[in-house]
Amino acid sequence: MADPPKAEEYQNFSFPNDEMPLSSIIPAVQEVRKRRPPFVPSVGLPNVIRTPQELMVERAMENCAFKSVLAGVVGYGLGAVFGLFTAGMDSSMPNPMTGVADQSAKAILKDMRSRAVSYGKNFGVVGFMFSGTECLVESFRGKSDWKNGTLSGGITGGLLGLRAGGKAAVMGALGFAAFSTVIDYYLR
């Protein structure tokens, strides 16, 4: 095994061609960098270099508009399923005009459809508003903690309750903020 070079040898070292122009060294270094994979330091956890497509998808998923639309679509779907379930449970309610329950399949399917659409819209709006305000609050504050959910819950509850008046807005804000805080506490 060869001995490591001594300090004198380092001082006397020179490139093979000292007269090589700098303009020819830079392209050679760039070519070497292209062929060699980038250095990823290992700190004990497995590290994978993400492709540009993965980075693009990650940036899109972190966008507030995308999060809001996704929450609205998922909320609509969840509300529609919930509406179908509740309509199936109490489809035997009597008609308020005649006092007789209309048990035809057409009437039951119509009730299921209308209730699924109604619940879907309500859940979709709540999901869209809450997700959007939470993302905007998080972006504004620059932190990701339980306060974001509480603040966005208060904003969403207040805006939803505002249609019924000031008192309803305050109660909606307090109720939605408390609910969001409890959910964040148990999920984090």
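The chain has seven helices and zero strands. Helices are DSSP runs of H or I with at least four residues, strands are runs of E with at least two, and both are numbered from the N terminus. From that end, the elements run α-α-α-α-α-α-α. This is a predicted model, where local features need pLDDT of at least 70 and side-chain atom pairs count only at pLDDT 80 or more, while totals for chains, interfaces and linings use all residues. Residues are numbered from 1 along each chain as its sequence is written, and side-chain values use heavy atoms, with hydrogens and water left out.

**Confidence and burial**

- The mean pLDDT of the chain is 83, on a scale of the predictor's confidence in each residue from 0 to 100.
- A pLDDT of 70 or more is reached by 79% of the residues.
- Helix H1 (residues 7-11) has the lowest confidence in the chain, with a mean of 51.
- Helix H6 (residues 146-161) has the highest, at 94.
- The chain has 188 residues, and 21% of them count as buried.
- Buried means under 20% relative accessible area, exposed means over 50%, and partly exposed lies in between (1.4 Å probe, protein chains only).

**Disulfide**

- The structure holds one disulfide, defined as a pair of cysteine sulfur atoms within 2.5 Å.
- Cys64 is joined to Cys135, with an S to S distance of 2.0 Å.
- The pair links distant parts of the chain, 71 residues apart.
- Cys64 sits in helix H4 (residues 64-89), and Cys135 sits in helix H5 (residues 105-141).
- The torsion about the S-S bond of Cys64 and Cys135 is about -80 degrees, so the disulfide is left-handed.
- Both Cys64 and Cys135 are buried.

**Second largest pocket**

- The second largest pocket holds about 190 Å³ of space.
- A pocket is an open set of points on a 1 Å grid over the protein atoms alone, with protein on both sides within 12 Å along at least five of seven lines; lining residues have an atom within 4 Å of a point.
- Its volume is the space filled by probe spheres set on the points, which are joined across faces, edges and corners.
- Phe130, Glu134, Phe176, Phe179, Ser180, Ile183, Asp184 and Leu187 line this pocket.
- H5 and helix H7 (166-187) are the elements that give two or more residues to the lining.
- H7 gives the most, with six residues.
- The lining has five nonpolar, one polar and two charged residues.
- Ala, Val, Leu, Ile, Met, Phe, Trp, Tyr, Cys and Pro count as nonpolar, Asp, Glu, Lys and Arg as charged, and the others, Gly among them, as polar.

**Annotated regions**

- UniProt, in an unreviewed entry, places the feature "transmembrane region" at residues 69-89 and 168-187.
- Such annotations may be inferred rather than shown by experiment.
- Residues 69-89 are 100% helix and 0% strand, with end C-alpha atoms 30 Å apart.
- Residues 168-187 are 100% helix and 0% strand, with end C-alpha atoms 28 Å apart.

**Leu174**

- Leu174 is found in helix H7.
- Leu174 is exposed, with a relative accessible area of 56%.

Definitions and conventions: On a 1 Å grid over the protein atoms alone, a cavity is a set of points where a 1.4 Å probe fits but cannot get out, and a pocket is an open set with protein on both sides within 12 Å along at least five of seven lines; lining residues have an atom within 4 Å of a point.
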